[in-house]
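Me: I would like to go through this structure by question and answer. Please take the topics one at a time and end each reply on the item requested.

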Amino acid sequence: MAAPILNYVSPTDYLIIEQAAKDKHELHQGRVVAMAGASLAHNEIVSNVFGVIKSFLKGNSCRIYPSDLRIHIPSSDSFTYPDLSIVCGKPEMLDGQFDTITNPTVILEVMSPSTEQYDRGTKFFYYMQIPSLKEYILISSSNLYIQTASKQTDGSWKFDEITDNNASLSIQTIGNTIGVNEIYENVKF
């Protein structure tokens with residue numbers, strides 16, 4: 001006999017609770033996790049990347065969304081709030097929920113020392129289960145470091161790292177290149 005899962009919250013109950021909540025929470029396999037506030041460096045990076053990509057995508061069928069747009073990962077009964085999501089084509093909404101999508105094409109997370117292990121591990125594992133996801137980009141807020149994971153045609157993932165301020169981040173799915181110096185503009189380590 002399997003051990004019972006204690007304090008399990010179903011996806012349906014989570015959505016009801018989350019819609020009434022003042023703060024954001026993620027759901028990870030039945031466990032509700034409160035979202036922490038972000039540092040100035042984190043917010044600068046998100047703002048810089050959002051601005052560059054939003055401008056680039058003007059008139060395109062792809063759109064970039066900030067962290068208030070929730071993503072549902074059905075294979076793990078999980079919901080997350082990535083720092084930035086890009087959806088190419090029409091956003092597919094969960095059961096008509098205006099704030100929950102199921103088809104991100106690119107996800108960007110800005111890592112802090114407290115979230116780095118989770119962003120690289122369990123969260124990436126969840127994201128890998130999303131059929132529409134083609135790229136996962138991790139940007140450090142505590143030092144100059146970017147890691148990209150690109151889904152290959154055989155379903156495997158290719159990883160690249162950037163540590164040079166004069167390099168560029170290529171987001172292949174949308175055909176955009178962003179200078180690392182643009183990403184880290186006004187960020188002090």
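Me: Which elements each supply at least two residues of the lining of the largest pocket?

Reply: The model is a predicted one. Its largest pocket has a volume of about 660 Å³ and is lined by 28 residues. The elements that each supply at least two of the lining residues are β1, β2, α2, β8 and α3 (116-120).

Me: From which element does the largest share of the lining of the largest pocket come?

Reply: Met-35, Ala-36, His-42, Asp-83 and Thr-115 are the lining residues that lie nearest the centre of the pocket. Among the contributors of at least two residues are β1, β2 and β8. The largest share of the lining, 3 residues, comes from α2.

Me: Which element supplies the largest share of the largest nonpolar core?

Reply: This core has 25 residues, and those with the most contacts inside it include Val-49, Ile-53 and Ile-86. At least two residues come from each of α2 (40-56), β3 (62-66), β6 (84-88), β8 (106-111), β9 (135-140), β12 (168-171) and α5 (180-183). The largest share, 5 residues, is that of α2.

Me: Which residues does Ile-53 touch, not counting those up to four places away in sequence?

Reply: Ile-53 is among the residues with the most contacts inside the largest nonpolar core, as are Ile-139, Ile-146 and Ile-183. Beyond four places in sequence, Ile-53 touches Ile-64, Ile-86, Ile-171, Ile-174, Asn-176 and Ile-178.

Me: Which residue takes a positive phi in the hairpin of β1 and β2?

Reply: Strands β1 (residues 25-28) and β2 (residues 31-34) pair in the antiparallel sense over 4 bridges. His-28 stands opposite Arg-31 in β2. Between the strands are 2 residues, and the residue with a positive phi near 50° is Gln-29.

Conventions
Residues are numbered from 1 along each chain as its sequence is written. This is a predicted model: local features need pLDDT of at least 70, side-chain atom pairs count only at pLDDT 80 or more; totals for chains, interfaces and linings use all residues. Side-chain values use heavy atoms; hydrogens and water are left out. A nonpolar core is a set of buried Ala, Val, Leu, Ile, Met, Phe, Trp, Tyr and Cys residues joined through side-chain atoms within 4.5 Å. Buried means under 20% relative accessible area, exposed over 50%, partly exposed in between (1.4 Å probe, protein chains only). Contact means heavy atoms within 4.5 Å. Two strands pair if DSSP finds at least two bridges between them. On a 1 Å grid over the protein atoms alone, a cavity is a set of points where a 1.4 Å probe fits but cannot get out, and a pocket is an open set with protein on both sides within 12 Å along at least five of seven lines; lining residues have an atom within 4 Å of a point. Grid points are joined across faces, edges and corners, and a volume is the space filled by probe spheres set on the points.
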